[in-house]
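User: Please go through the structure below with me, one question at a time.

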Amino acid sequence: MSASDTMVTAAEPGAEEGARPARPGIRLGDRLLKVYVWAVLAWLFLPIAVMIAFGFNDTRSKSNINWQGFTLKWWTRLGEYPELTEAVTNSLNIALLATAITTVLGTLMGLALGRYRFRGQGATNLVMFAAIASPELVMGASLLSLFISAGAQTGFVTVVIAHVLFSLSFVAVTVRARAVGLDRSVEEAARDLGASPWTTFWRVTFPAILPGVVSGALLAFALSIDDFVITQFTSGSLQTFPLWIWGATRMGIPPQVNILGTLIFALGVAVAVVNTLTGRRRT
Amino acid sequence: MTQTQAGAEAVAATCDSSSAPAIELDGVVKEYLAHGEVVQAVKGVTLTIAEGEFFSLLGPSGCGKTTTMRVIAGFEDPSRGTVRLHGHDVTGVPPNKRDVNMVFQSYALFPHMNVWENVAFGLKRRKVDRAEIRRRVGEMLEIVDLAGREKRRPREMSGGQQQRVALARALVNNPRALLLDEPLGALDLKLRQAMQIELKRIQREVGITFVYVTHDQSEALTMSDRIAVMNDGLVEQLASPREIYERPATAFVAGFIGTSNLLKGVVDRVASGCAVLRVGQESRVLVAESPGREGELLTITVRPEKITISAEEPEGEVSAVRGTVREVVYLGLYNSYTVALADGAEVTVFQQNALDSTSTAERGDAVWLSWQPRHSYAIGR
C-alpha cells in the first residue's frame with residue numbers, strides 16, 4: 001500500500017509536466033465551443049426574436065423599424081387589413097391542401113423507390129434530384145409558361161399544383177430512407193398471422209414509416225407556407241402571405257405582419273415539439 | 001435421448017392412424033428469373049410430413065430448404081407441383097389464409113408493439129373475442145416463460161427473449177403446423193443448446209407439427225423425428241436421424257452429416273448377401289446388404305468411430321484394410337487418427353479413451369483397420 005503510494009508520488013513530477021499544460025488547453029477549447037454554440041444559436045434566433053418583439057412595438061410611423069415602447073394594441077387590431085387576413089388564409093389553405101396531396105403522393109413514391117427494383121427507377125431518382133436542385137426562378141418561369149400554353153387560369157389551383165411539384169421530392173426522399181431500412185419479413189410475419197395486404201399496410205408498414213411521413217409532411221408545409229418565387233409566377237391575382245408582405249414593403253410593413261409571423265412560427269414550434277415527444281415515445 | 005426416441009415411435013404410431021398427413025409436397029419446383037436466366041431453387045421436392053412430427057429440412061445455404069419452407073407458408077408459389085395441408089390443396093392460397101404459422105430467422109417482431117400486442121396480433125386478425133385473447137396470450141407467455149414482460153418492447157429484450165416472443169406469437173394461434181426458419185441461428189452456442197431442448201419440450205407440450213429449417217446438422221440430429229437432407233434443390237435423403245447418420249444414402253449426406261470415410265473398391269465376390277470388395281493389394285472391405293454385382297465398382301462409407309486399429313491383421317468376417325498412421329490427435333474424449341492407405345486415400349478413425357488414454361498406435365506405424373460388415377454402407381453415385 002505505502003510502497004505503491006511512494007511509487008506514485010515519485011512518478012508524479014514527471015507526469016505533471018506532461019499533464020498540466022494540456023488541461024487548460026482542454027478547458028479553453030471547451031469554453032470556445034460553448035461561446036461558438038451560443039453565437040450560432042443567437043445568429044439563428046435573433047431575427048425571430050426581433051420579429052416577435054416588433055409585434056409589440058408602439059410605433060407611430062408607417063415603418064416598424066425603431067423601438068418606441070411596448071404595446072398590445074396591434075394584437076387587438078390584428079384584422080385591420082382585410083387583404084392581409086385574406087392572404088394569410090390563402091397561404092394556410094394552399095399549404096394544408098398542398099401538404100395533404102404531397103404527403104400521400106410522396107409517401108407512395110418513397111415506398112416504391114425504397115422497396116422495389118423497377119424499370120425507370122434511376123430516371124425517377126434523377127428527376128427527383130433535379131426538382132430539388134433546380135433554381136426556383138427556373139421552375140417558376142417554366143411552370144408559368146406551361147400553365148399559359150395549357151390555357152390554364154393562374155390562381156389558387158395552379159399555386160397548389162406548383163407547391164405539390166416542388167415539395168414532392170422532399171417527402172419521397174424522407175419516406176424512401178425509412179422504407180429502405182424496413183425489414184420485409186416483418187410484413188411477411190403479419191401476412192403469416194392472418195392479416196390481409198391492406199391490414200398489413202396500416203398495422204405494420206405505415207407505423208414503421210410514419211416518422212418519415214411526418215417529417216416529410218412538416219417539410220412540405222414549411223416549404224409551401226413561405227414560398228415566394230414560384231408562387232409569384234403561378235398565382236395570377238391571388239395574394240398569399242409572402243406576396244402581400246412583398247407588396248407592402250413599399251409603404252412599410254405594419255406590426256400585424258410580425259404578429260401573424262409570430263403565430264405561424266408558434267404553430268410550427270408546437271407541431272415540432274409534439275412530433276419530437278411522440279417520436280421519443282415511439283422509439 | 002430416450003424420450004426423443006419414444007416421441008418418434010409415438011409419431012410413427014399416430015401417423016399410421018391419421019387419415020391425412022399434416023403437409024404434403026408433390027413434385028414442387030420453384031424457378032426464378034435472374035438476369036434473364038431461369039434458375040431452379042427447388043428442383044422437384046416430394047415429401048410427406050406426419051401430424052405432430054418434428055421434421056427438419058437440413059442442408060447447406062442455397063440448397064433450397066428455405067424456399068421449400070416459404071412454399072409451404074405461401075410466400076412463394078411453386079412453379080410446378082402442389083402443396084397440400086391436411087389433404088386440402090392450398091397451392092396459390094395466400095399466406096394469411098393458410099393454417100400454418102412461421103417463426104422467422106430475424107424473428108420479425110413488430111417493433112412498434114409491445115410483447116402482448118405482438119403475441120395477440122394473430123388472434124385479433126381472426127376476431128377472437130377479448131376475454132379469449134387475454135386467456136390464450138397469458139397462457140402462451142407462461143409456456144415460453146415471459147409472463148410479467150407483457151409491456152416490454154422487442155428492442156428492450158435479449159435475443160433469446162425475442163426468440164421466445166416470436167415462438168409465442170406463432171404458437172398462440174394454435175396452427176396446424178409451425179414452420180421455423182433457422183430460429184436459433186442468431187443465438188450464441190450455450191443459449192442455442194438450451195433453446196433446442198426448450199423447443200423440443202414445447203413441441204411435446206403443444207403437440208403441433210414442427211417443420212424446422214437448419215444448416216446445423218447437430219441441431220437437426222438432436223431435435224428431429226425425421227430429417228430431409230437437401231442439396232442443390234433436391235432431397236438427398238429422408239429418414240430418421242439415426243438412419244441418416246448410420247446409413248447415409250449418398251456421398252453428399254455422408255460428408256455433410258458428421259465425419260465420414262469414403263472408400264472405393266471392386267466387388268470381388270458376393271456370398272450370402274455380403275459383398276467382398278478388393279481395395280488395393282492386400283485389403284478387403286466387407287459390405288452387408290450390398291447392391292453390387294461381381295466386377296462392379298462400389299463406393300462405401302464407414303464412420304470413424306466404427307473402425308478399430310490394430311497392429312496385427314484382424315481375424316474373422318470383418319473388413320481389413322492396411323495403412324500407415326499419418327497423424328494422431330488427442331481430443332480428450334477420443335483420439336483421432338489419420339491413416340493413409342496404399343492408394344493414397346486417407347481414413348479418419350476415432351478411438352475412445354474409455355479404458356486407456358495412451359495411443360494404440362503412433363505416427364508412422366503400419367496398422368490394420370477393421371470394422372463389421374454392417375458398418376460399411378454402399379452409397380449411390
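**Helix packing and sheet order**

Analyst: The axes of helix α8 (residues 184–192) of chain A and helix α9 (residues 197–225) of chain A come within 10 Å and cross at roughly 140 degrees. Axes are lines fitted to C-alpha atoms, for helices over the stretch in contact, and angles run from 0 to 180 degrees between N-to-C directions. This is a predicted model, in which local features need pLDDT of at least 70 and side-chain atom pairs count only at pLDDT 80 or more, while totals for chains, interfaces and linings use all residues. Residues are numbered from 1 along each chain as its sequence is written, with chains lettered from A and ligands numbered from 1 in the order in which they are written.

User: Which residues of α8(A) and α9(A) make the contact?

Analyst: Two residues are in contact if their C-beta atoms, placed from the backbone, lie within 7 Å. On α9(A) the contact uses Thr200(A), Arg203(A), Val204(A) and Thr205(A), and on α8(A) Val186(A), Glu187(A), Ala190(A) and Arg191(A).

User: Which residue stands opposite Leu85(B)?

Analyst: Strand β4 (residues 80–85) of chain B pairs with β5(B) in the antiparallel sense over 2 bridges. In β5(B), the residue opposite Leu85(B) is His88(B).

How values were computed: Two strands pair if DSSP finds at least two bridges between them. Helices (H or I, at least four residues) and strands (E, at least two) are DSSP runs, numbered from the N terminus.
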